[in-house]
Amino acid sequence: MNISELFNLNLYNNTMKTYLNLIGAAILITLWGCGNNGGSDKKGAMSNAKAAEKVYVAPGEYDEFYAFMSGGFSGQLSVYGLPSGRLLKVIPVFSQDAEKGYGYNEETIPMLNTSYGFVPWDDAHHPELSQTDGVPDGRWIFINGNNTPRIARIDLTTFETTEIVEIPNSGGNHSSPFITENSEYVVAGTRFSVPFPQKDVAISSYKENFKGSISYIRADEPGKMDVAFQILVPGFDYDLAHSGKGKSHGWTFFTTYNSEESYTLKEVNASQNDKDFIAAVNWKKAEEYLAQGKAKEMPADYMHNYYDEETHMATSTKKKSVKVLIPSECPGMIYYLPTPKSPHGVDVDPTGEYIVGNGKLSADLTVHSFDKMIKAIENEAFDTEIDGIPVLKFEDVVIGTVQSGGLGPLHTEFDGKGNAYTTFFISSEVVKWKLGTWEVIDRAPCYYSVGHLMIPGGDSRKPWGKYLVALNKITKDRYLPTGPEMNHSAQLYDISGEKMELLLDFPTIGEPHYAQAIAADVVMKNSKKIYPIEHNKHPHAIKKESEAKVVREGNVVRIYMTSIRSHFNPDNIEGIKVGDKVYFHLTNLEQDWDTPHGLSVMGARNAELLVMPGQTETLLWEPQRPGIYPFYCTDFCSALHQEMQGYIRVSEAGANVPIKWSLGED
Ligand code: K7E
Ligand code: CUA
């Protein structure tokens, strides 16, 4: 929701008028009431010197945490160090990235294949670290693509995207990819309900034809990500999710809005019901039904793309069907927990007992109890049933309400010391409150309009609980102006004491909806430095310079090329003709850490290659005009980097210049 939407809503809906006027006022205060950021105004930070000391990481020293921030509409994942806020890397995931050649070179193009063909962009919201026993284990991080529903796995030994699976029967993969306690599954609920399976119907037939889907994606084995099963659910919007932990392991909780099942002017029509739901899915039960053969095999088109680290190559496999479970045929598999008005985030505390619903149009937070929920289910104390899904009674599941005094709660995380921290978008603040007593302990303003927040390990069983990062939607005057577009902004707070203390602002890339962080030592000890050349199984790899060659196969020319400081082999090539498809298969023979070589070719309608030590990558070039074309290394690799260059001669289509290649000879 953005501000203009909120104001528009005001025009349309009288019943909400008073409330929204309040919202409008709060926004005005938030955005303009704080005034300009003059040099001496510290805006909530502790004394500059004290804060600086807490975020200072001396030259050559390491940060304490890796933070992984979603790139939102950049489609990528960025890696920051905490507490310094230094950008360490941008990992391309769903979008082509010219810097690394991702999605441009032949090896990674298949990563972006979907059932719609090559889709070089997505909107990435939620990074989610793999877990063992409910604790982030540093093996992988997953992230969702919202637009063309997908989930990606990033391997944290290489910090590369290694797997992407498309989610069929979904429209807007938002409640994703929240993980189960031992990384058994990542989940994917559809934000937009659509016809299931897809078909051509009148949009006004929504209630009859549109359905939601909740998917469980097998996640614990690299290369084997697949939709294990889907649950067909009513046509609501499934917004966010979190899996249970500890005592609630085996369950996942999904927020829903639009239980009205409206399909137009949703800002008004999907805000009518006083309560929507949290869907509680017993996935262990679903597994039982699956084993009993209760699932229907339904046709579905979706892609699974996997990057093999030994062949240095991604392949796409088309999948043809999914297993679908129907709630009315699978009693005990799913329940609805009534939750005030259009909840956004749903967050489970480290003990697994408290399920926090962040009702974005409500001022208060609603906390449900897992134990109470189980008791209500055992007593069959149901209010009603929707499409075979029992609806529990609100008073049977609710255990507490946090009277926050804030407006527009979105997301909650935990510090592992009995405290919860919730973001309030409209009143632009983080509120700290106590689990069990529900009392507010502290509040800190955010600059401005915070969405998610993140505490390292803050959605796991064992949060590190030392820092909190607020991920803000609006930047305005926080940095030097950069024209109409300002980067989004993150703010780091020290939460080790009773009061939150603002330490640092830093700009981010794209829109970091959510982030996760992990203690650096868990990840860095497994970080790879090179790809051993002897393990390179790329079909067009060569292992030494003497194997360099140029081979013509009809109008396809394959250049088997090597790079090592400071030359390519070969560096003179002749016999290429207009109309040829030229493949540069470049193997980087280096076996030292941080010694990539790049390759670019004049006029190639492509990006560079950036080849890591021991890796092979391929650039496709279709020369259009005769002439002499330089190519060169793009990454300043050595004292003689500028000399790392060569020439290719391109002749007319009908020419009879023979294929010839060389390095340092006539
Ligand atoms: Cu709240 Cu996409 Cu998780 Cu943005 S979402 S804030
Ligand atoms: Cu190789 Cu620069």
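# Notebook: sheets, cores and buried residues

I began with an open sheet of 4 strands, ordered 20-21-22-25 and paired antiparallel. I note here that the model is predicted. Which strands stand at the edges of this sheet? They are strand 20 (343-348) and strand 25 (398-402); each has a single partner strand, so one side of each is left without a neighbour in the sheet.

For G357 I looked up the bridge partner in strand 22, and it is T366. I then checked what packs on the sheet: helix 7 (residues 370-378) does, touching strand 21, strand 22 and strand 25. The direction of helix 7 makes about 60° with that of strand 22.

I went on to another open sheet, in which 4 strands follow the order 26-27-28-29 with antiparallel pairing. Its edges are strand 26 (409-414) and strand 29 (440-445), each with a single partner strand, so each has one side left without a neighbour in the sheet. From one strand to the next, the twist averages 20°. Strand 26 and strand 27 (residues 419-424) run antiparallel and are joined by 4 bridges. I found F414 standing opposite A420 in strand 27.

**Strand 42**

How many residues of strand 42 (residues 616-621) are buried? I find 6 of its 6 residues buried. In a regular strand, side chains alternate between the two faces of the sheet. I therefore listed strand 42 face by face: T616, T618 and L620 lie on one side, E617, L619 and W621 on the other, and all are buried, so both faces are covered under the 20% cut-off for relative accessible area. For pairing, I see 6 bridges from strand 39 (residues 581-588) to strand 42, and the two run antiparallel. H585 stands opposite T618 in strand 42.

**N536**

I looked up N536, which lies in the loop between helix 9 (520-524) and strand 35 (549-553). Is N536 buried or exposed? N536 counts as buried because its relative accessibility is 3%, and the cut-off for buried is under 20%. Its side chain reaches the backbone oxygen of G614 at 3.0 Å. Leaving aside neighbours within four places in sequence, I list E310, H312, A541, K543, T587, G614, Q615 and T616 in contact with N536.

**N258**

I find N258 buried, at a relative accessible area of 0%. A polar atom of the N258 side chain lies 2.8 Å from the backbone nitrogen of S262. Beyond four places in sequence, the contacts of N258 are Y206, G235, F236, D237, K266, A270 and D276.

**V650**

I placed V650 in strand 44 (residues 645-651). V650 is buried, with 4% relative accessible area. Along the chain V650 and E574 are 76 residues apart, yet 6.9 Å separates their C-alpha atoms. With neighbours within four places in sequence left aside, V650 is in contact with I576, K577, V578, W621, P623, R625, P626, G627 and Y629.

**Cores**

Which residues touch the most other members of the largest nonpolar core? Of the 44 residues in this core, they are F68 and L82. Strand 1 (residues 65-70) gives the largest share of the core, 5 residues. I listed what F68 touches, not counting residues up to four places away in sequence: L77, S78, V79, P127, L129, I141, L156, F159, Y514, A515, Q516 and I518. Another core lies apart from this one and has 26 residues, among them A279, C330, Y336 and I389.

**Whole chain**

The chain holds 9 helices and 45 strands. Its C-alpha trace spans about 85 × 65 × 45 Å along the principal axes. The radius of gyration is 27 Å; a compact globule with 666 residues would have one near 26 Å, and so the two agree. Of the 666 residues, 60% count as buried. Among contacts with a separation of 6 or more, 63% come from residues 24 or more positions apart.

Key:
Residues are numbered from 1 along each chain as its sequence is written. Chains are lettered from A and ligands numbered from 1 in the order in which they are written. This is a predicted model: local features need pLDDT of at least 70, side-chain atom pairs count only at pLDDT 80 or more; totals for chains, interfaces and linings use all residues. Side-chain values use heavy atoms; hydrogens and water are left out. A nonpolar core is a set of buried Ala, Val, Leu, Ile, Met, Phe, Trp, Tyr and Cys residues joined through side-chain atoms within 4.5 Å. Buried means under 20% relative accessible area, exposed over 50%, partly exposed in between (1.4 Å probe, protein chains only). Contact means heavy atoms within 4.5 Å. A polar contact is a pair of N or O atoms within 3.5 Å; within protein, one must be able to donate a hydrogen and the other to accept it, and residues adjacent in sequence count only if both atoms are side-chain atoms. Two strands pair if DSSP finds at least two bridges between them. Axes are lines fitted to C-alpha atoms, for helices over the stretch in contact, and angles run from 0 to 180 degrees between N-to-C directions. The radius of gyration is taken over C-alpha atoms; the globule rule is 2.2 Å times the number of residues to the power 0.38.
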